[in-house]
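Walk through this structure with me, from the whole chain down to single residues. Keep the 3D view open as you read.

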Amino acid sequence: MAAPWEDVLRNKAAVEEAARVAVDAALLQGVLMRTEGEPNASDVVNYAPFTLLPSAVPSALFQQAYAVQQDFNLLVDAISQNKEFLERTLASTIKVDDFTARLFRIYMQVLEEGLAQSVFLGINRSDYMFDCGVDGTPSLKQIEINTIAASFGGLTSRTAAVHGQVLKVLGRSEEASRLLPNNPSKGLALGIAKAWELYGSRSAVVMFLVEEVQRNIFDQRCVENELWNRNIRVMRKRFRDVFEKGSLDDAKRLYMDGQEVAVVYYREGYVPKNYDQQNWEARLLLERSRAVKCPDIATQLAGTKKVQQELSQPGTLERLLPGRTEAVARMRATFAGLYSLDVGEEGDKIAAMAIADPDRFVLKPQREGGGNNLYDEELRQVLEKIKDSPERTSYILMDKIKPQPAMNYLLRAHSPLQVSECISELGIFGVYVRQGKEMVMNEAAGHLLRTKAIEHADGGVAAGVAVLDTPYLV
Ligand code: ADP
Ligand code: MG
């Protein structure tokens with residue numbers, strides 16, 4: 001599945017010229033990030049890291065990932081409405097993982113009060129790698145579904161144009177014309193706009209809930225601008241602002257700065273460090289409101305690693321989506337082996353298996369954002385240490401996916417131009433809107449390809465490991 005320009009990679013002069021064009025094209029197209037030194041100002045910005053060349057992606061697997069996205073949207077939505085399932089699945093986890101436990105407490109409190117929210121908006125991204133079988137045939141394997149703050153739908157809408165120009169500079173205009181258009185930021189905005197419309201107050205605004213450190217603001221601005229273009233007002237606020245200025249009226253309508261909020265779109269709130277006591281209180285206030293939360297707390301819980309592991313158990317998908325045999329088969333075909341480390345004989349066996357053969361597995365805590373998983377020797381050491389304690393139930397174990405590497409250049413500001421052996425991860429954005437019991441929108445909204453050098457086992461673009469890419473279908 002090599003791309004048809006491996007020869008180019010050896011032509012140093014051509015690569016250097018293409019890299020100069022690529023960087024300027026990225027800046028012109030708006031593939032931008034704020035700098036580490038000045039993360040909250042736009043006076044100095046730089047290009048977001050990206051590959052010099054598009055990476056080859058098997059066409060059949062790309063189609064397969066798109067074809068299963070609406071199924072995953074339905075599944076996430078079904079889980080979010082299934083209290084019994086969430087309670088049972090997360091029972092062992094919340095005993096040992098304080099972050100999941102706190103989210104769960106808010107979930108229970110909101111249910112006990114009675115849900116004020118009646119319109120639901122899901123924006124997720126299902127991520128995959130291409131596992132290389134023993135005979136060399138690649139297969140699509142899901143890494144995870146991100147149900148909160150799935151990012152890079154904006155910037156990735158602009159990378160195909162950059163890569164198209166690079167290919168032209170390298171004399172590959174035929175291949176350039178085959179790069180697919182891709183605009184997740186529009187698809188995401190259409191979902192937000194639909195939810196805003198169904199909320200039913202023309203003067204209400206959409207609130208982006210953003211982090212204190214906002215390096216990736218341009219990615220979010222792409223979605224914001226799509227909303228402004230539709231005459232929908234957007235405000236950007238932090239948990240701190242909500243704590244200080246947010247309020248609910250008698251009908252649990254949410255107000256910020258005197259303005260009613262129709263939709264809260266979280267680009268924050270997915271890791272423990274996003275929360276102090278005030279931020280937890282702000283989160284609770286938002287969840288209690290009738291504003292459309294994207295995601296609501298139940299949908300965030302549906303995206304935990306523990307839920308993912310439970311989904312791989314025989315019969316679970318069938319129980320969650322009765323009668324949807326084909327959807328179940330499509331989803332299951334993308335699952336890698338996932339194993340529970342819950343206390344008991346089965347968990348003991350799994351732990352022993354991983355300790356004996358750590359290279360076959362990835363050990364994952366209930367965390368998001370990259371850089372949390374354990375591999376190889378570290379996996380063995382940690383499991384050795386916790387194998388007889390309940391702490392091990394805060395992790396799940398997963399088969400390690402082993403893709404076929406390909407050569408590429410990773411362009412990063414202030415870094416030397418050098419060729420790397422790389423692997424890629426494909427994400428498909430899903431968007432859905434439900435009003436009461438009725439699904440009114442269910443779409444695949446575009447894709448994201450991220451590529452990293454093989455020496456890094458883990459970590460996304462924001463973590464400084466992976467870079468943005470464009471798929472070239474082969
Ligand atoms: P996070 O929520 O932190 O993004 P992920 O499950 O996506 O957690 O894992 C982070 C990264 O670790 C992925 O982007 C991928 O590079 C790597 N990774 C995760 N699971 C596997 C796996 N089963 N096999 C190989 N690499 C994996
Ligand atoms: Mg991930």
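Predicted model: local features only at pLDDT ≥ 70, side-chain atom pairs only at ≥ 80, totals over all residues.

The protein chain carries 17 helices and 21 strands. Its radius of gyration is 22 Å, close to the 23 Å that the globule rule gives for 474 residues, so the chain is as compact as a globular protein of that length. Along the principal axes, the C-alpha trace spans about 65 × 60 × 45 Å.

Now look at packing. Of the 474 residues, 59% count as buried.

The protein chain exposes about 19500 Å². Carbon and sulfur atoms supply 48% of that area. There are 56 positive and 63 negative side chains in the chain. How far apart do the centres of the two sets lie? They are 3 Å apart.

Next, zoom in on helix 2, which covers residues 59–67. Which of its residues are buried? Leu61, Phe62 and Ala65 are buried there. Around the helix axis they cover an arc of only 105 degrees, which puts them on the same side of helix 2.

The backbone deserves a check too. Find the peptide bond that joins cysteine 294 and proline 295. This bond is cis, with omega about 0 degrees. Where does proline 295 sit? Its place is the loop between strand 12 (292–294) and helix 12 (297–302).

Phi angles come next. Alanine 149 is not a glycine, yet its phi is positive, at about 55 degrees. This alanine lies in the loop between strand 6 (138–146) and helix 6 (159–169). Is alanine 149 buried or exposed? Buried means under 20% relative accessible area. Alanine 149 has 15% relative accessibility, so it counts as buried.

Aspartate 376 also has a positive phi without being a glycine; the value is about 50 degrees. Its setting is helix 17, which runs over residues 376–386. The relative accessible area of aspartate 376 is 33%, so this residue is partly exposed.

Notes:
Residues numbered from 1 in each chain as written. Chains lettered and ligands numbered in written order. Heavy atoms only, no water. Helix = DSSP H or I, 4+ residues; strand = E, 2+ residues; numbered from the N terminus. Rg over C-alpha atoms; globule rule 2.2 N^0.38 Å. Buried < 20%, exposed > 50% of the residue type's maximum accessible area, 1.4 Å probe, protein only. Areas by Shrake-Rupley, 256 points an atom, 1.4 Å probe, with all protein chains shown as cover. Lys, Arg positive; Asp, Glu negative; His and termini not counted. Charge placed at Lys NZ, Arg CZ, Asp CG, Glu CD. Arc of directions from axis to C-beta.
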